[in-house]
Amino acid sequence: MQGHFITFEGGEGAGKSSQILRLKSRLEAKGIPVVVTREPGGSPGAEKIRDILLSGAARDLGPRGEAMLFAAARADHVDQTIRPALAKGSWVLCDRFADSTRVYQGEAGVDDNYLQLLETAAVAGFWPELTILMDVPPEIGLKRVNDRAKVSGNGGPDRFETDGLPIHQRRRNLFLDLARGEPDRFVVIDGTRDIEHVTSDIWQAVLEQFGTALDAATGPAAADEAFKHGA
Ligand code: Z5A
């Protein structure tokens with residue numbers, strides 16, 4: 001059995017993590033092995049780099065230095081986690097990937113040639129087959145993140161959440177530009193809809209991209225019926 005690689009992108013609070021877990025359940029209900037992972041992070045070495053980046057400890061390196069750390073983390077993540085999982089036949093659902101560097105570090109002023117060099121070094125042409133862009137106005141995404149923090153009582157905002165609204169708006173536009181530039185890889189999902197509708201929109205996108213592979217997994221009707229009944 002062959003694995004497949006799907007990434008989720010978008011701004012803070014767009015709903016990526018929530019939807020990844022829902023897609024995982026749905027695929028597993030079809031008997032498909034799933035590995036959920038994230039960036040920065042996703043391998044022991046890359047998780048250490050994540051702590052440095054999100055704490056703001058690398059801020060003094062400037063956007064170019066931070067971009068190098070994201071690339072170093074990604075190279076390790078691809079080698080240690082993603083490629084081995086795909087080789088075993090798992091579907092890999094990844095919360096952010098190289099598009100986030102294009103957007104976040106691109107918006108911060110790192111020039112395209114430099115980002116391109118890092119991208120080549122980190123992923124060497126290894127790209128997801130499908131990228132789900134969860135599109136949400138930043139006012140909504142940030143409110144969700146703030147509300148979640150109040151409920152959980154977990155810490156303050158991270159290094160990238162503290163940026164001002166205009167920066168978040170530019171990131172949103174950059175993500176949408178990337179999606180327009182690669183319509184075969186990206187599907188843009190309206191993340192403002194209620195959670196069930198978003199889940200259903202994503203499932204449609206997955207069916208369109210991987211219908212045959214999904215049918216081969218267990219047979220379509222039986223597994224979908226089982227999922228509806230909470231199996
Ligand atoms: N970064 C970078 O600069 N360069 C890079 O190359 C990479 C990353 C890879 C990682 O953050 C940071 O690193 C990120 C970019 C930068 N910037 N920030 N911050 P992270 O991994 O810690 O966080 P995140 O990726 O932004 O995730 P998030 O803030 O947790 O958002 P999310 O995963 O998209 O959302 P969620 O956790 O699924 O949902 C958030 C809340 O909204 C939660 O309470 C849900 O219950 C609720 N929610 C979800 N969907 C809905 C709907 N449809 N309606 C209502 N409420 C909803």
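Author: Let's begin with strand β4, residues 130-135: six of its six residues are buried, so the strand is largely enclosed by the rest of the structure. Before we go on, this is a predicted model, where local features need pLDDT of at least 70, side-chain atom pairs count only at pLDDT 80 or more, and totals for chains, interfaces and linings use all residues. Residues are numbered from 1 along each chain as its sequence is written, and side-chain values use heavy atoms, with hydrogens and water left out.

Reader: What makes a residue "buried", and what makes a run of residues a "strand"?

Author: Buried means under 20% relative accessible area, exposed means over 50%, and partly exposed is in between, with a 1.4 Å probe and protein chains only. Helices (H or I, at least four residues) and strands (E, at least two) are DSSP runs, numbered from the N terminus. In β4, L130, I132 and M134 point one way and T131, L133 and D135 the other way, and all are buried.

Reader: How do you know which strands β4 pairs with?

Author: Two strands pair if DSSP finds at least two bridges between them. Strand β1 (residues 5-10) pairs with β4 in the parallel sense over five bridges, and G10 has M134 of β4 as its bridge partner. On to strand β5 (residues 186-190): β4 pairs with β5 over five bridges, also parallel, and T131 is bridged to F186 of β5.

Reader: What makes a group of residues a "nonpolar core"?

Author: The group has to be a set of buried Ala, Val, Leu, Ile, Met, Phe, Trp, Tyr and Cys residues joined through side-chain atoms within 4.5 Å. The largest one here has 22 residues, and I6, L23, L27, I132, I202 and V206 touch the most other members. β1, α1 (16-29), β3 (91-95), β4 and α8 (195-218) each supply at least two residues of this core, with α8 giving the largest share, seven residues. A second, separate core of 18 residues includes F5, F97, A98 and L118.

Reader: What makes the D163 and R171 pair a "polar contact"?

Author: A polar contact is a pair of N or O atoms within 3.5 Å; within protein, one must be able to donate a hydrogen and the other to accept it, and residues adjacent in sequence count only if both atoms are side-chain atoms. The side chains of D163 and R171 make such a contact at 2.5 Å.

Reader: Why do R96 and A124 get a mention for their phi values?

Author: Most residues other than glycine have a negative phi, and most peptide bonds are trans. R96 isn't a glycine, yet it has a positive phi of about 75 degrees. A124 is another non-glycine with a positive value, near 45 degrees. R96 lies in the loop between β3 and α4 (98-107), and A124 in the loop between α5 and β4.

Reader: Are those two buried or exposed?

Author: R96 has 13% relative accessibility, so it counts as buried. A124 has 58%, so it counts as exposed.

Reader: Which residues does the cis peptide bond join?

Author: The cis bond joins E39 and P40, with omega about -10 degrees. P40 is found in the loop between β2 (34-38) and α2 (44-55).
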